[in-house]
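Subject: Handover of a structure model

Dear colleague,

Please find below the sequence and the structure that I am passing on to you. My notes on it follow directly after.

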Amino acid sequence: KRIFGVKEKLKTGVKEVRLEDLSGWLDEKTAYLNEQINSFYPKIKNILKQVEGNLEILNKVDISEKKVEERIKQIVEANKEAYIKHVDSFIKHLEIPEKSNYEEAIAFSNVFTFSLDRLAKNTFRNARLASELIGQELMNVSDGLRDLRKLGVEFKKAVSEKKLKQVRKIKEQVKELKALIKTKKSLGKREEELILKKEGFEKKAASLKEQISHLKESKEYKEMEKLRQEEEKVNQEVKNIEFEIRSLFEPLQRPLRKFSQINKDKGVEKVLKEYIEDFAKALINDEGLKIADLLKVVKEKIVEGEVELREKRKKRALKILNELNFERVKGLIKKRESLVLKRWDLKEKISIFNVARKISSLENGLINLNFARKELEKEILKIKGKEERVSFSDLEKSIIEGVESITNLKIKLVYSWDGGNLKEAK
């Protein structure tokens with residue numbers, strides 16, 4: 001800032017200004033700029049009053065006694081009336097405020113300048129023609145309008161004052177900063193809510209784990225687990241038997257498929273299909289062991305060459321068929337049936353225990369809680385990312401520098417933050 005050509009130093013001391021008070025505080029410090037703008041309105045009104053008075057005088061001018069052609073008198077009179085009508089309309093439609101803020105001043109300046117330009121354009125021909133017979137009276141009105149145009153230029157210049165523009169810019173930046181702070185506060189609040197919710201889920205999960213652990217230490221659970229282990233052992237034995245059956249008959253799969261291609265007996269077609277699909281399953285469900293007679297036929301067809309196999313496969317298939325002991329197979333099936341019945345019996349005993357259902361219900365609840373907790377963690381991370389992207393240090397710096405430039409005062413910007421505490425702008 002320069003005073004009488006000398007650059008004034010920034011005033012010492014730091015003024016703390018709350019963000020929410022900054023716009024009002026800045027208006028106080030720059031009130032002289034608005035006063036300067038508002039000082040134009042009385043001047044405009046005074047000139048308009050003079051123009052109105054001169055317009056009345058112009059209206060009374062009588063040119064009937066002028067020694068010129070009647071046609072010229074008529075032209076001058078018509079243009080005088082048109083001129084008066086345009087000027088009178090301009091005065092009546094121009095609304096002059098008592099005082100205004102910056103935005104209102106800009107709006108008025110634009111309307112004022114536009115109206116004066118339009119008036120000059122509309123009255124140029126009228127004034128020129130009317131001036132053929134009318135002199136000073138017309139000149140007085142024109143001079144008043146010229147004074148208004150000159151005042152309009154000065155008013156526009158005052159409104160375009162750099163400091164006023166800076167004030168407007170700072171106010172917009174303040175709005176923007178408040179919005180950013182509100183956004184950051186909202187994100188922080190949401191993050192806190194989610195963290196509390198997550199902590200609640202974690203407490204519930206810990207409680208469920210404790211309940212599950214307590215149930216697993218109970219006598220009822222230990223008895224049930226003993227039965228479950230026995231059931232698992234039986235399951236494994238059943239699987240072993242089924243594996244043994246498959247191992248016995250797996251080499252016969254290809255001969256059976258080959259035989260099915262030449263088979264013409266519809267009665268064995270279904271049996272063949274079942275054994276080809278799953279030998280162990282078919283054998284377990286084969287009550288009359290139809291496969292025994294069927295394999296005898298297959299053996300004959302292999303020997304006769306109707307079932308075509310490579311020599312190595314042929315020898316292997318015949319060896320298995322010759323050594324196949326169906327008594328052993330029957331024994332395996334019977335043993336499996338006994339194990340299956342035992343397994344069902346164990347399942348029935350296990351189902352009586354309520355502790356299993358309780359634990360299952362608690363574990364399902366734990367799974368749901370863990371899923372919900374992970375979803376919350378994802379949302380918390382997203383919000384943290386958004387918070388990190390909300391930065392206003394550059395905006396704060398621009399506001400502070402702008403205020404210091406206008407007011408020549410060093411300020412410290414403070415604003416409400418967590419819990420309403422005042423924090424200094426970084």
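Ile 352 is found in the loop that joins helix H14 (326–351) to helix H15 (354–389); helices here (H or I, at least four residues) are DSSP runs, numbered from the N terminus. With a relative accessible area of 63%, Ile 352 is exposed. Between the C-alpha atoms of Ile 352 and Met 224, which are 128 residues apart along the chain, the separation is 9.2 Å.

Please note that this is a predicted model, in which local features need pLDDT of at least 70 and side-chain atom pairs count only at pLDDT 80 or more, while totals for chains, interfaces and linings use all residues. Residues are numbered from 1 along each chain as its sequence is written, and side-chain values use heavy atoms, with hydrogens and water left out.

Two further loop residues were examined. Thr 30 lies between helix H1 (19–29) and helix H2 (31–38), and its relative accessibility of 3% makes it buried. Setting aside neighbours within four places in sequence, Thr 30 is in contact (heavy atoms within 4.5 Å) with Val 167 and Ile 406. Thr 30 and Leu 164 are 134 residues apart in sequence, with a C-alpha to C-alpha distance of 8.2 Å. Ser 131, in the loop between H5 and H6, is partly exposed at a relative accessible area of 40%.

Within helix H7 (residues 162–216) sits Glu 191, which counts as buried at 10% relative accessibility. Beyond its neighbours within four places in sequence, Glu 191 is in contact with Ile 380, Ile 383, Lys 384 and Glu 387.

As to helix packing, H9 (residues 253–262) and H12 (residues 290–304) pack at an angle of about 80°, and their axes are 10 Å apart. Axes are lines fitted to C-alpha atoms, for helices over the stretch in contact, and angles run from 0 to 180 degrees between N-to-C directions. H9 is therefore roughly perpendicular to H12, a term that covers 65 to 115 degrees. H9 contributes Pro 255, Leu 256 and Phe 259 to the contact, and H12 contributes Leu 294, Leu 295, Val 297, Val 298, Lys 301 and Ile 302. By class, this contact has eight nonpolar residues, no polar ones and one charged. Ala, Val, Leu, Ile, Met, Phe, Trp, Tyr, Cys and Pro count as nonpolar, Asp, Glu, Lys and Arg as charged, and the others, Gly among them, as polar.

Yours sincerely

Key
Helices (H or I, at least four residues) and strands (E, at least two) are DSSP runs, numbered from the N terminus. Angles under 35 degrees count as roughly parallel, over 145 as roughly antiparallel, 65 to 115 as roughly perpendicular and the rest as oblique. Buried means under 20% relative accessible area, exposed over 50%, partly exposed in between (1.4 Å probe, protein chains only).
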